[in-house]
Amino acid sequence: MSRPRIVIVGAGFAGYRAARTLSRIARGAAEIVLVNPIDYFLYVPLLPEVASGVLEARRVSVSLTGTLPGVRLLLGEADSIDLASRKVSLVDPECNRREISYDRLLLAAGSVNKLLPIPGVTEHAHGFRGLPEAVYLHDHITRQIELADTAESAAERDARCTFVVVGAGYTGTEVAAHGKLFTDELARRHPDLRDRKNPQWMLLDVAPRVLPELAEHMSETATRVLSRRGVDIRMGTSVKEATEEGVRLTDGSVVPTRSLIWCVGVRPDPLVSDLGLATDKGRLVVDEYLNVPGHPDVFAAGDAAAVPDLTRPGEVTPMTAQHAERQGQTVAYNIAASYGRAERRPYSHRDLGFVVDLGGAEAAANPLKVPLSGLAAKAVTRSYHLMAMPGNRIRTAADWLIDAVLPKDDVQLGLVRSDSVPLENSSPELPVRLRSEKQST
Ligand SMILES: Cc1cc2nc3c(=O)[nH]c(=O)nc-3n(C[C@H](O)[C@H](O)[C@H](O)COP(=O)(O)OP(=O)(O)OC[C@H]3O[C@@H](n4cnc5c(N)ncnc54)[C@H](O)[C@@H]3O)c2cc1C
């Protein structure tokens, strides 16, 4: 008789951790299949360092097959789920369609870029959610500085040297902080750019302060560091319209730029909202055991799930890696418990604090609510990332060391074309042909 099958959709923080835990505690009881469009786990929090040339792209991508013994990787993107017949339909990277049946299903498909109905944004903004987008942004920034050097007019040169980041959460703040240091270093290598003010970075948000969801001291640290570097921080401001030539802001100003970087946040992957199950702001409703009510064989975790926060009654857990990873572990135990291999347990986790890397020797952190900035925060931030990464630690630490003593690489590899990373795209990893089919449906 064949073994029962556990299918996990998504190999991010929640899915990866669940697969790893299940491979340890339930391998004998069931076959474990991981469905993911790419063959690596992406350590998303370090993407700003890839975009700014601090880290090589491979450092943040950890091999799934190399680190998940006993787990079968099925490359593809799930696009529909039949809950009655317990089948997942998926499309593989070469656009072949296939189906896989399950006995237990874990939905951990994470989130996608949040779009707002602002004219021109879909066409002209760069998203920041996956590795192709970070690699593309690195090339794009490098190219703007190189083209600025030979621009035919001062207006063109200024536009190419202006970078607008929308969204001052941790992603946008880190992108602006690292990006400013990166472009300052690039500009110093171009004699004709030396006579002008440093490349300009703007950080916009409708919120009243930078890092609005984090502790005030983190916001103050980030604001101080960014202002000192010359980043133009405009809170209570967003983009009204984007064109090829620049952006019009809600405060009425017009900013000529070729670089609009969209970090306004994320929304749950549409896969879960299409299931006909209860959702909360697009996230699949689950109980404290990460089980979908009325479906004892279906579980969800991470950004895609609305998990009750037992430490804050009435709330759901925020969309963070810290929660997603721990939910992955809890849900693995609860799935194993359904085979009599573990004890069922409710999910409960109190935030341990947050870290925000601001580039150079700067960071803001509040481990266990202790407010830190400067070198102490930097040490905590980097140690945290090294501990949290499931692989590539030595290579990552080596990159940090090299970055501290050597100049940054200033070449465009040109491996990712702009049409491969449209903003309105849940999976930049999918082949372009398949993506355009998806968008037209
Ligand atoms: C730039 C950036 C920086 C961040 N920094 C931090 C930070 O410092 N600290 C923090 O706590 N959080 C941070 N976050 C948030 C954190 O990354 C997310 O909360 C976390 O990744 C959620 O984990 P997840 O497992 O739910 O989803 P993800 O990690 O997004 O993984 C989802 C996986 O599912 C796959 N997938 C998607 N759709 C399908 C499908 N249909 N079929 C199959 N597979 C699918 C994806 O390819 C991906 O592998 C950051 C996010 C971003 C974008």
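Helix H7 (residues 170-188) packs against helix H8 (residues 216-229) at an angle of about 30 degrees, and their axes are 10 Å apart. Helices here are DSSP runs (H or I) of at least four residues, strands are E runs of at least two, and both are numbered from the N terminus. The axes are lines fitted to C-alpha atoms, for helices over the stretch in contact, and the angles run from 0 to 180 degrees between N-to-C directions. That angle makes H7 roughly parallel to H8; the label covers angles under 35 degrees, while over 145 counts as roughly antiparallel, 65 to 115 as roughly perpendicular and the rest as oblique. The crossing of this pair, H7 and H8, is left-handed, meaning that the near helix is turned anticlockwise from the far one by less than a right angle (clockwise would be right-handed).

The model is a predicted one, where local features need pLDDT of at least 70 and side-chain atom pairs count only at pLDDT 80 or more, while totals for chains, interfaces and linings use all residues. Residues are numbered from 1 along each chain as its sequence is written, and side-chain values use heavy atoms, with hydrogens and water left out.

Who meets whom between H7 and H8? On the H7 side there are Thr-173, Ala-176, Ala-177, Lys-180 and Leu-181, and they meet Ala-222, Leu-226 and Arg-229 of H8; contact means heavy atoms within 4.5 Å. Sorted by class, this contact of H7 with H8 has five nonpolar, one polar and two charged residues. For the classes, Ala, Val, Leu, Ile, Met, Phe, Trp, Tyr, Cys and Pro count as nonpolar, Asp, Glu, Lys and Arg as charged, and the others, Gly among them, as polar.

Now for another helix pair. Helix H1 (residues 13-25) and H10 have axes 7 Å apart and pack at an angle of about 35 degrees. H1 passes H10 in a right-handed crossing. Among the residues making the contact are Phe-13, Ala-14 and Arg-17 of H1, together with Ala-321, Ala-324 and Glu-325 of H10. By class, the contact of H1 with H10 has 12 nonpolar, three polar and three charged residues.

Each of these two helices also holds a residue worth a look. Ser-23 lies in H1 and, at 6% relative accessibility, counts as buried (buried is under 20% relative accessible area, exposed over 50%, partly exposed in between, with a 1.4 Å probe and protein chains only). The side chain of Ser-23 reaches the backbone oxygen of Arg-20 at 2.8 Å. Setting aside neighbours within four places in sequence, Ser-23 is in contact with Ile-32, Pro-69 and Val-71.

His-323 sits in H10 (residues 321-337) and is buried, with 1% relative accessibility. The side chains of His-323 and Tyr-347 are joined by a polar contact of 2.8 Å, that is, a pair of N or O atoms within 3.5 Å; within protein, one must be able to donate a hydrogen and the other to accept it, and residues adjacent in sequence count only if both atoms are side-chain atoms.

Leu-211 has a positive phi, near 50 degrees, and lies in the loop between strand E13 (200-205) and H8. Leu-368 has a positive phi of about 50 degrees. Leu-211 is buried at 1% relative accessibility, whereas Leu-368 is exposed at 64%.
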